[in-house]
Amino acid sequence: MPILPREQPEPSPAEPREARRMAESFGVDAQRYDQARPGYPTALVTRIVAGSPGPDVLDVGCGTGIAARQFQAAGCAVLGVEPDARMADFARARGLQVEVGTFEAWQAAGRTFDAVIAAQSWHWVDPVAGAVKAARVLRPGGRLAIFGHVYEPPTEVAEPFAAAYRRAVPDSPLSGQPARRPLDLYRAAYAKFADKIRETELFNDPEQWRYGWEHSYTRDQWLDLLPTTGGLTQLGPDELAEILDAVGGAIDSLGGRFTMNYTTLAATAVRADTS
């Protein structure tokens, strides 16, 4: 799915101001975002927790706390860092401790953690500076885990969406993307994350993990999720309605529901023993 920049491990090149505006647009409807967005594979959460020396987790770009609550359910104590105050307020209302700010500017004040996670947020962080900072706040043997979803809707849904987006927003740089982007493109981006971690020389050799799964969406469920994605959060009501009408019609032609193929990718590494 091309127009899902918060899911994309590395967004298409854009002006820094435009990229920041998109990054800050997800809190427009935090409640919808939290209700519509999928969680993460339990096996991934379990693997991160088991591979960390303790239960204290720092969630970088925690959003509304979707990933954080899964780690809390697994027995972890989670602190979130989130640049969007609207998202942070929503996460706090759901029981998460959150400090507002970018990860690069956030002050640890001597605090350390057993794991630093970034769920669909690391592409808004400087990959080298972020990895260096993660190493500084990790305890010995602590783990950095960067992960996110690749959405792979069926062609019958992806093609009408892409065509409607091009009609509604012809000047958007996202309009030129194909209806479906190869999974290998995303895997390459996570490999680049791993390379940047490796460049710091502060971690053991990074690993890349992959989890495939499926989720069935009704028409209403998918149309509820779409407006929370980066390519649509900044659209006007007429543009958004045109796109949703096209996608809704496509799903109706499939009987009112479809199965989404998801791949969750991760780049992860353990802090090296520098003693």
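The largest nonpolar core holds 30 residues. A nonpolar core here is a set of buried Ala, Val, Leu, Ile, Met, Phe, Trp, Tyr and Cys residues joined through side-chain atoms within 4.5 Å. Buried means under 20% relative accessible area, exposed over 50% (1.4 Å probe, protein chains only). Leu 58, Phe 103, Trp 106, Val 116, Trp 122, Leu 144 and Phe 203 have the most contacts inside this core.

This is a predicted model: local features need pLDDT of at least 70, side-chain atom pairs count only at pLDDT 80 or more, and totals for chains, interfaces and linings use all residues. Residues are numbered from 1 along each chain as its sequence is written, and side-chain values use heavy atoms, without hydrogens and water.

Helices (H or I, at least four residues) and strands (E, at least two) are DSSP runs, numbered from the N terminus.

The largest share, 6 residues, comes from α8. Trp 122 touches Phe 103, Leu 144 and Phe 193, among others; contact means heavy atoms within 4.5 Å. A second, separate core of 28 residues includes Val 45, Cys 62, Ala 115 and Phe 147.

Helix α10 spans residues 237-253. Its buried residues are Leu 240, Ile 243, Leu 244, Val 247, Gly 248, Ala 250 and Ile 251. They lie on the same side of α10, because they cover an arc of only 160° around the axis. The arc is that of the directions from the helix axis to the C-beta atoms. On the other side, Asp 238, Asp 245 and Ser 253 are exposed. The cover over the buried residues of α10 includes α7, α9 and β7. Gly 255 follows α10, with a positive phi near 95°.

Key. Expected span 1.5 Å × (residues − 1). Lists of a residue's contacts leave out its neighbours within four places in sequence.
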